[in-house]
Amino acid sequence: MRPRVRADDAEEALGLANLSDHGLSAAVFTRDLGVALQAVQRLEVGVLHVNSESAGTLPYVPFGGTKQSGFGPKEQGRAAREFFTQTVTVYLGAPRERA
C-alpha cells in the first residue's frame with residue numbers, strides 16, 4: 001500500500017492523482033465549483049465522481065478507464081451498443097423477370 005501524500009492545493013492534488021498508472025475512476029470532494037470543473041478537465045480517468053464515492057455507475061452511461069485501466073472500448077450506454085452492433089450494408093434490387 002502506498003503512503004498517503006498531501007498536496008498543498010487542488011492543482012497539486014490533481015497532478016499527483018495523474019501520476020498513477022491507472023485511471024478507472026476518481027472522486028473529488030469539494031465545495032468549490034471551479035475545483036470540480038478543473039478536475040473534469042485535468043484528471044485522466046474514465047469516470048469522475050464529484051462529491052460522491054467512486055464505486056458504482058449507472059447502466060446507461062459509458063463505463064471504462066484510461067491508462068492501464070483502459071482496455072478496449074467503454075462498456076454500457078451508447079458505447080456498448082456501438083461496440084456490440086455489427087453493421088451490414090445491403091443493396092436490395094427489384095427481382096428480375098425470367099427471360
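Predicted model: local features only at pLDDT ≥ 70, side-chain atom pairs only at ≥ 80, totals over all residues.
Residues are numbered from 1 along each chain as its sequence is written, and side-chain values use heavy atoms, leaving out hydrogens and water.

**Strands and their pairing**

- Helices (H or I, at least four residues) and strands (E, at least two) are DSSP runs, numbered from the N terminus.
- In a regular strand the side chains alternate between the two faces of the sheet.
- Strand 2 pairs with strand 3 (residues 47–50) in the parallel sense, over 4 bridges; two strands pair if DSSP finds at least two bridges between them.
- Strand 2, helix 2 (residues 33–42) and strand 3 form a right-handed β-α-β unit. Right-handed here means that, with the strands pointing away from the viewer, the path from the first strand over the helix to the second runs clockwise.

- The side chains of E11 and R42 meet in a salt bridge, at 2.9 Å from N to O. This pair links distant parts of the chain, with E11 in helix 1 (residues 10–17) and R42 in helix 2, 31 residues apart.
- E11 counts as partly exposed because its relative accessibility is 43%, and R42 is partly exposed at 28%. The cut-offs are under 20% relative accessible area for buried, over 50% for exposed, and partly exposed in between (1.4 Å probe, protein chains only).

**V35 in helix 2**

- V35 sits in helix 2 and is buried, with a relative accessible area of 18%.
- Not counting residues up to four places away in sequence, V35 touches A10 and T30; contact means heavy atoms within 4.5 Å.
- The C-alpha atoms of V35 and D9 are separated by 10.0 Å, and the two residues are 26 residues apart along the chain.

How values were computed
Salt bridge = Lys/Arg side-chain N within 4 Å of Asp/Glu carboxyl O.
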